[in-house]
Structures are given as structure tokens and as C-alpha cells.
Amino acid sequence: MHLGRTTLSKFLIQQLQAEGKSDLAALLVDVAAAVKAISAMTAKGGLADILGSLETQNIQGETQKKLDVLSDQAFINTFKYGGLVAGLASEENDDPITVNDLEKRGPFLAVFDPLDGSSNIDVNVSVGSIFSILEAPKDRDPTLADYLQPGTKQLAAGYAIYGPSTMLVITVGKGTHGFTLDREVGNFVMTHANIQIPVDTSEFAINTSNERFWEPPIHRYVTECKAGKTDIRARDFNMRWIASMVADVHRILMRGGVFMYPKDTKDLSKPGRLRLMYEANPMSFVIEQAGGLGSTGRARVMEVQPDNIHQRVPVILGSRNEVERIEKYHREFDSGEDSKYSSPLFSDRSLYR
Ligand code: F6P
Ligand code: MN
């Protein structure tokens with residue numbers, strides 16, 4: 001036991017009670033309880049009958065893993081019976097769930113990805129959970145439209161990473177803070193206060209197998225990183241891709257870097273791979289509160305007005321200077337300013353030249 005260490009509960013009371021936000025503090029303690037349950041399940045791995053896939057698909061058309069469903073259930077039960085939310089929406093379910101029992105209804109809406117990166121479960125690589133808390137309408141049932149709030153309206157957000165240790169990283173709009181689960185005692189203990197992402201980085205994360213589907217600004221950025229010392233970046237870069245957004249973003253939060261799941265032409269029906277409400281908004285909130293940026297390449301993620309709860313967006317987030325550079329490359333492409341990487345609208349053979 002570490003004497004004098006701040007537990008999550010104490011931290012939340014200190015950050016929120018003085019502002020009359022005890023309900024939000026209590027809700028985040030509930031989130032931590034669900035995370036502990038999921039952490040215990042994931043840690044069992046092959047010892048329990050929890051690995052592998054089910055026959056079912058989620059709303060996104062992805063095959064569900066057993067742990068996807070168990071984690072979803074852990075969050076649903078926590079929120080539904082915890083008395084603090086009026087409704088909840090999960091990446092795994094078609095429609096939000098309304099808390100019908102008025103006695104059990106609270107002032108918030110909870111939106112979550114119960115098990116992010118779940119293709120990694122069966123190979124014992126880190127996975128995570130992501131959550132976002134919004135305000136619920138007062139004195140009436142929440143409708144679908146009530147969930148469609150831009151990320152700037154989030155009251156709290158965060159993620160859990162089930163790695164060699166389990167961590168919970170949260171923000172309530174006053175910095176980003178990390179807590180590590182002390183398994184023997186059962187407490188989340190503050191281990192990373194006021195996390196700050198380095199503004200510059202020499203590390204990028206992208207699934208390069210999609211390279212031929214990228215837009216020119218992303219090509220330009222990655223080509224320059226790979227050229228390293230031999231080109232304008234004047235230093236060598238490193239690349240990492242875990243294929244668990246939580247794990248990739250966590251690394252970036254800890255030591256800097258830029259994470260990209262950009263717009264691509266792989267499937268034209270999808271404007272990106274990641275979901276605005278369950279992944280991009282909460283992660284952008286966490287990253288921005290640590291001094292980084294979250295962008296689609298053309299707009300701040302948290303300012304995108306959602307029109308569908310399962311909507312996907314391009315995501316570029318991490319160290320401030322890198323994200324700003326990538327946004328600049330998008331601007332130069334869209335305006336035709338960059339001759340080598342400009343939009344086809346402005347190419348030599350276009351009507352605009
Ligand atoms: O939730 C979607 C997700 O699993 C993310 O966690 C991850 O960053 C991404 O998909 C991986 O995508 P891909 O399999 O295309 O690399
Ligand atoms: Mn996910």
C-alpha cells in the first residue's frame with residue numbers, strides 16, 4: 001500500500017464536489033467499477049471460456065467477440081442500474097437504451113465503446129474501453145437527437161487500457177489524468193497527474209496497408225516522415241501500429257506521436273474507419289486536455305456536428321505540431337497551393353488552371 005497516494009475516488013471528489021458535480025464524480029466511480037470487472041475478465045484470457053468469436057455481428061457489420069458482448073453487458077448494467085444516467089448508447093448496439101425506471105434515472109447520457117481493438121483479444125495484445133459522458137435532457141425521455149451533441153459538449157471522457165497493467169485515463173475538462181489499478185487492493189491510484197503530450201514527435205501511427213487508398217496530404221506527410229533525415233523533416237521517424245486505438249493513443253499520450261486513421265477510398269460508403277461518438281470525440285477530449293490536438297484533417301473533431309450516432313470520421317490526433325502540419329497539408333491540397341500534392345481540380349489538365 002502506498003501511503004498518501006490519491007485514489008480515483010478522492011481525486012474526483014476533490015475535482016468535482018466543490019463545483020456541485022458530485023453526480024458526475026459518482027458516475028465516474030461507476031465507470032471505474034465496470035472497468036475493474038472487464039479488466040478481471042480480460043486478464044483470465046484462455047483460462048475462461050471468453051476468447052473467440054460469436055456468430056453475431058454488431059451494427060457496424062463486424063463479427064462480435066465473446067468479450068465484446070461481456071464488456072458491453074458490464075457497462076450496460078453499470079449504467080442502467082447505477083441511477084446516474086437517463087440513457088446509454090454503445091458501439092455494439094443498434095439503438096440507445098433509455099432508463100425507463102424514473103427512480104433509476106440520472107442527469108447524464110453515457111456513450112461507449114466497451115471493448116476497443118477487440119481483434120487483439122485472441123492474441124493477448126492490449127485492448128481498451130472508451131467512454132464519453134453528455135448531459136441528458138431534463139424532465140423527459142432522451143431521444144436519439146439528444147445524443148447527437150458535438151464533442152465540445154462532453155462533460156467527461158476517458159478510456160481504460162487493459163495492458164500489462166490496467167489504467168484508467170480521464171478528463172472532466174481540467175487536464176488529463178491517469179490512474180493505475182492496484183489489483184490486490186482494488187483501487188485505481190493516481191500515477192500520472194496532468195499528462196502533457198510533447199508538442200513535437202518523431203513517431204507516427206497509421207495502417208500503411210491502406211496506403212493506396214489515402215488522400216495526397218496523408219501520402220505527403222508519411223512520405224516525408226519515412227524520408228526522415230534525407231528530406232525536409234531533417235530527422236528520422238519511427239512507426240508503430242498496434243491496431244487497438246486505445247493502445248496506440250495511450251502510447252502517444254505517454255511519449256508523443258501522431259495517430260492517423262484518415263479518410264480513404266477503401267470503402268466509399270465510409271468517411272473514415274473510427275466512430276465519432278464512441279472513439280474520436282472522447283479520445284480527442286483526452287488528447288486536447290493533455291495539450292495535443294484532434295482533427296479530421298479539415299476540422300476539429302470535437303466541433304463536428306454528429307448526424308448519426310454510429311457515424312464515422314477521419315481521425316488525426318496527437319502532438320500539436322504534427323497535427324497542425326497535417327491540417328496544413330490538407331488545406332494546401334484543397335486549395336491547390338501545393339503543386340505536387342494538389343487536388344485534381346487544380347492539376348494541369350483541370351478546368352481551373
Ligand atoms: O475500433 C476500431 C479499431 O479496432 C481501432 O481500435 C483500431 O485503431 C482500428 O480499428 C484498427 O483498424 P485496422 O484493422 O484497419 O488496422
Ligand atoms: Mn473501437
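A charge sits over a ring if NZ of Lys or CZ of Arg is within 6 Å of the ring centre and within 35 degrees of the ring normal. Keep that in mind for the last stop. This is a predicted model, where local features need pLDDT of at least 70, side-chain atom pairs count only at pLDDT 80 or more, and totals for chains, interfaces and linings use all residues. Residues are numbered from 1 along each chain as its sequence is written, and side-chain values use heavy atoms, with hydrogens and water left out.

Select Phe-75 and Phe-79. Rings of Phe, Tyr and Trp (its six-membered ring) pair if their centres lie within 6.5 Å; planes under 30 degrees apart count as stacked, over 60 as edge-to-face and the rest as tilted. That rule gives six aromatic pairs. Here the ring centres of Phe-75 and Phe-79 are 5.9 Å apart with planes at 20°, so this pair is stacked. Both residues sit in helix H3 (residues 66–81), four residues apart, or about one helical turn. Helices are DSSP runs (H or I, at least four residues) and strands too (E, at least two), numbered from the N terminus.

**Stop two: across to a strand.** Phe-112 belongs to strand S5 (residues 108–116), 33 residues from Phe-79. Are they buried or exposed? Buried means under 20% relative accessible area, exposed over 50%, partly exposed in between (1.4 Å probe, protein chains only). Phe-79 is buried at 1%, and Phe-112 is buried at 0%. Show Phe-75 again: with Phe-79 and Phe-112 it forms one aromatic cluster.

**Last stop: a charge over a ring.** Select Arg-220 and Tyr-329. Arg-220 lies over the face of Tyr-329, 3.7 Å from the ring centre.

Note on methods:
Chains are lettered from A and ligands numbered from 1 in the order in which they are written.
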